[in-house]
Amino acid sequence: MTTQIDLPLLFLGQGTDPASERGVDCPGDLPAASDPDLVARAKAAKEALGGKVFVLGHHYQRDEVIQFADVTGDSFKLAKDAAARPDAPYIVFCGVHFMAESADILTGADQKVILPDLAAGCSMADMATFNQVEDCWDTLEDLGIADRVVPVTYMNSSADIKAFVGRRGGVVCTSSNAKRALDWAFEQGEQVLFLPDQHLGRNTAVLEMGYGLEDCVVYNPNRPNGGLTDDQLKNAKMILWKGHCSVHGRFSIDAVNEVRERVPGVNVLVHPECRNEVVTAADHVGSTEYIIKKLDAAEPGSSWAIGTELNLVQRLKNAHPDKNVMFLEKTVCFCSTMNRIDLPHLVWTLESLVRGEVPNQIVVDEDTAHYARVALDQMLALP
Ligand code: SF4
């Protein structure tokens, strides 16, 4: 198990929490964002490293970083891409912490996975800590139902949580294969504990599998018994963890209605991490890769309002000047943790590697990696 510290949440203006700023400082010289030579420095460092470095860029990364990525993709594709390059000793993961952990789990023991800024976490993954999930499982055991509950965790979870699921015969899923994972889970047991994104769990169960909203309950880890009665826990088909994406969870039904009024014939295309009423009102729902393919196949002149991370929507808009591509919600901004990886951090990382220093290495301990891999392998074996 990796060490996890539960940090207290502080109300704005009340006290300080220096520990929450861990990773913000880089040991060494972080170039100034105003340095006009950043692009040239990144190019030079990458060229000097040659085949020794493989740079992965998640779709939600900034353009200034993506331009240096050897491959782009969603978190699982990137982890697989990293595993397909055993000859590269350094894997620089431009994404967030849980993604770098997955890459470390799937790559060789002699490969080093590096996250350019350790403060690039994921608020959704942080909403399910190992201790909280263990407490939840104890509750299910005390109720006598743990034997019939199959844990399923979204890729967007820490290695600890993936390993927890692997130890208990569960499976990891992505936003592309969540239905297949749930179909499999319901063949193994009668109920599912879905971690950590309540929206993906609910949307998949209700929109794709025919369950009702009444079949789903939300387990709040901050309340005794998850804030639920014993009967609610015993009778639910889907026990959804109270977690969400702080970007996708903000798209609203008002934005869908507004864009339909403003842009006749618009296609509303959203990610399944959005809330159920938004997904229900949309025309198309799918993973990041699905959204990209949908735009590639769209008719010239067609209009698309897209509900996913803003960096990706802007890139899609630039890539499809013959289509009318817009961001679904005016008040939603970039994923703040994804955005922590900027060009200064990438330059600092690459130049450190040129000097023979390995900064910000992400290491998952052997036992955790083993059981996380069990849950990941189960995902790869899904029918
Ligand atoms: S977009 Fe949401 S799920 Fe993705 S890294 Fe940011 S907070 Fe996490």
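This is a predicted model: local features need pLDDT of at least 70, side-chain atom pairs count only at pLDDT 80 or more; totals for chains, interfaces and linings use all residues.
Asparagine 360 counts as buried, because 23 C-beta neighbours lie inside 10 Å and a count of 20 or more is what the term requires.

**Overall build**

- Taken along the principal axes, the box filled by the C-alpha atoms of the chain is roughly 60 × 55 × 50 Å.
- Of the 383 residues in the chain, 46% are buried, and asparagine 360 is one of the residues that count as buried.
- When contacts between residues at least 6 apart in sequence are considered, 68% of them join residues that are at least 24 apart.

**Two asparagines with positive phi**

- Asparagine 360, although it is not a glycine, has a positive phi of about 50°, and its place is in the loop between α15, which covers residues 343-354, and α16, which covers residues 366-380.
- Asparagine 225 is likewise not a glycine and has a positive phi of about 60°; this residue lies in the loop that runs between β8 (216-219) and α10 (230-235).
- Asparagine 225 has 15 other C-beta atoms within 10 Å and is therefore partly exposed, whereas asparagine 360, with 23 such neighbours inside 10 Å, is buried.

**The packing of helices α8 and α9**

- Helix α8, made of residues 178-188, packs with helix α9, made of residues 198-208, at an angle of about 80°, and their axes are 10 Å apart.
- Because angles of 65 to 115 degrees count as roughly perpendicular, α8 and α9 are described as roughly perpendicular to each other.
- On the α8 side the residues that take part in the meeting are Ala178, Lys179 and Leu182, while on the α9 side they are Leu200, Thr204, Ala205 and Glu208.
- Sorted by class, the residues in this contact of α8 with α9 comprise 4 nonpolar, 1 polar and 2 charged.

**Around the ligand**

- The ligand is surrounded by 13 residues, and the closest of these are Cys122, Met124, Cys245, Val247 and Cys335.
- The shell around the ligand divides by class into 8 nonpolar, 4 polar and 1 charged residues.

Technical notes. Residues are numbered from 1 along each chain as its sequence is written. A residue is buried if 20 or more other C-beta atoms lie within 10 Å of its own, exposed if 12 or fewer, and partly exposed in between; C-beta atoms are placed from the backbone. Two residues are in contact if their C-beta atoms, placed from the backbone, lie within 7 Å. Axes are lines fitted to C-alpha atoms, for helices over the stretch in contact, and angles run from 0 to 180 degrees between N-to-C directions. Helices (H or I, at least four residues) and strands (E, at least two) are DSSP runs, numbered from the N terminus. Angles under 35 degrees count as roughly parallel, over 145 as roughly antiparallel, 65 to 115 as roughly perpendicular and the rest as oblique. Ala, Val, Leu, Ile, Met, Phe, Trp, Tyr, Cys and Pro count as nonpolar, Asp, Glu, Lys and Arg as charged, and the others, Gly among them, as polar. A residue is near a molecule or strand if its C-beta atom, placed from the backbone, lies within 6 Å of it.
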